[in-house]
Amino acid sequence: MTPDDFNYISALLKNRSGLVLSQDKAYLLESRLMPVARNSGMQSVEELISKMRMTSDSGLITNVTEAMTTNESFFFRDQKPFDLFRDELLPELMENRASEKSMRIWSAAASSGQEAYTLAILLKEAGAKMAGWRCDIVGTDISHEILDKAREGVYTQFEVQRGMPIQLLVKYFDKYDDQWQIKPEIRKSVAFKYFNLLDSLKPLGKFDIVYCRNVLIYFDPETKTKVLSEIAKIMPPDGMLVLGGAETVLGISERFTPVKGKRGVYELVQ
Ligand SMILES: C[S@@+](CC[C@H](N)C(=O)[O-])C[C@H]1O[C@@H](n2cnc3c(N)ncnc32)[C@H](O)[C@@H]1O
């Protein structure tokens with residue numbers, strides 16, 4: 001790939017999704033874009049890029065952007081953020097919202113749905129104390145293809161084994177051949193929508209708890225700052241933000257500060 005082609009694609013990706021592609025990751029372009037080229041009847045990634053440069057074909061641009069996203073996810077990823085949800089964030093929020101009895105939770109880079117469904121299962125597991133509560137869980141992502149998988153809620157044995165405790169697996173999934181599908185009651189409790197984190201987040205409404213995990217790592221500092229400041233705008237003063245293990249607000253955003261004793265959890269600076 002010529003340096004010119006690399007620069008064109010990396011600028012396009014940064015602009016569309018925030019993804020920063022360094023030169024040492026150029027090999028990813030070949031492996032991930034070759035299937036896109038073939039599906040569009042082309043023989044090489046060079047041909048694909050040349051067509052994009054000539055036509056600015058929006059379908060190709062979308063396919064290329066989606067192909068370059070990393071959709072790795074699993075149930076109860078890192079465990080601790082979900083223990084904290086069950087034991088601290090949820091009880092605190094229920095206390096604060098005791099009069100309204102309603103809460104909204106956002107999985108901001110939902111990928112194939114494991115994070116949002118983990119939260120939905122934990123809400124269900126909270127049992128009788130959630131009676132009469134309205135809990136909206138919204139999962140958003142920039143990839144249409146991965147959102148279709150999330151909505152379907154079908155996972156392989158390998159995918160469920162990566163984190164889903166066996167007693168919750170048998171309780172909340174139906175087994176079809178060698179696949180597992182989340183039961184309709186849990187599936188229906190999560191709304192999956194296309195949303196680009198680079199856009200204004202206002203149309204999504206307010207969220208009390210935001211899980212924005214393992215996506216900021218792909219952005220440059222300037223983009224992280226902008227996304228965090230947009231997230232701050234759609235949280236109430238007592239809202240909680242949960243980031244991934246390799247992510248922080250420190251040195252990136254003055255809108256949030258870490259919550260003492262709750263690793264990975266951030267609150268708004270009042
Ligand atoms: C590694 S997954 C993280 C999934 C989940 N949050 C977790 O921690 O397991 C990152 C997801 O971010 C999505 N993503 C990347 N850029 C995005 C953007 N600008 N707006 C919305 N989603 C984006 C990707 O499509 C991908 O599904």
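How many bridges join E3 to E5? In this predicted model, the two strands run antiparallel and are joined by 3 bridges. Within this pairing, tyrosine 155 lies opposite tryptophan 180 of E5.

Strand E5 also pairs with strand E4. Tyrosine 176 has glutamine 179, in E5, as its bridge partner. The hairpin of E4 and E5 has 2 residues between the strands, and aspartate 177 takes a positive phi near 50° there.

Taken together, the 3 strands make up an open sheet with the order E3-E5-E4 and antiparallel pairing. Strand E3 (154-156) and E4 are the edge strands, each pairing on one side only. On average, neighbouring strands of the sheet are turned by 30° against each other, direction ignored. In general, the strands of a sheet pair through backbone hydrogen bonds, in either a parallel or an antiparallel manner.

Valine 154 belongs to strand E3. Beyond its neighbours within four places in sequence, valine 154 is in contact with Gln179 and Gln181. Valine 154 counts as partly exposed because it has 17 C-beta neighbours inside 10 Å, whereas a buried residue would need 20 or more. The C-alpha atom of valine 154 is separated by 30 Å from that of glutamate 88, and the two residues are 66 residues apart along the chain.

The largest nonpolar core of the model has 56 residues. The residues with the most contacts inside this core are Ile105, Ala108, Ala120, Val210, Cys212, Ile231 and Leu241. Helix H6 (residues 114-125) supplies the largest share of the core, with 6 residues.

The contacts of valine 210 were examined individually. With neighbours within four places in sequence left aside, valine 210 is in contact with Trp106, Ala108, Ile231, Met235, Gly239, Leu241 and Val242. Among these contacts, Ala108, Ile231 and Leu241 are also listed with the residues that have the most contacts inside the largest core.

The ligand is surrounded by 22 residues. Thr69, Ser73, Ala109, Ser111 and Asn214 are the closest of them. By residue class, the shell around the ligand consists of 11 polar, 6 nonpolar and 5 charged residues.

Technical notes: Residues are numbered from 1 along each chain as its sequence is written. This is a predicted model: local features need pLDDT of at least 70, side-chain atom pairs count only at pLDDT 80 or more; totals for chains, interfaces and linings use all residues. A residue is near a molecule or strand if its C-beta atom, placed from the backbone, lies within 6 Å of it. Ala, Val, Leu, Ile, Met, Phe, Trp, Tyr, Cys and Pro count as nonpolar, Asp, Glu, Lys and Arg as charged, and the others, Gly among them, as polar. A nonpolar core is a set of buried Ala, Val, Leu, Ile, Met, Phe, Trp, Tyr and Cys residues joined through C-beta atoms within 7 Å. A residue is buried if 20 or more other C-beta atoms lie within 10 Å of its own, exposed if 12 or fewer, and partly exposed in between; C-beta atoms are placed from the backbone. Helices (H or I, at least four residues) and strands (E, at least two) are DSSP runs, numbered from the N terminus. Two residues are in contact if their C-beta atoms, placed from the backbone, lie within 7 Å. Two strands pair if DSSP finds at least two bridges between them. Axes are lines fitted to C-alpha atoms, for helices over the stretch in contact, and angles run from 0 to 180 degrees between N-to-C directions.
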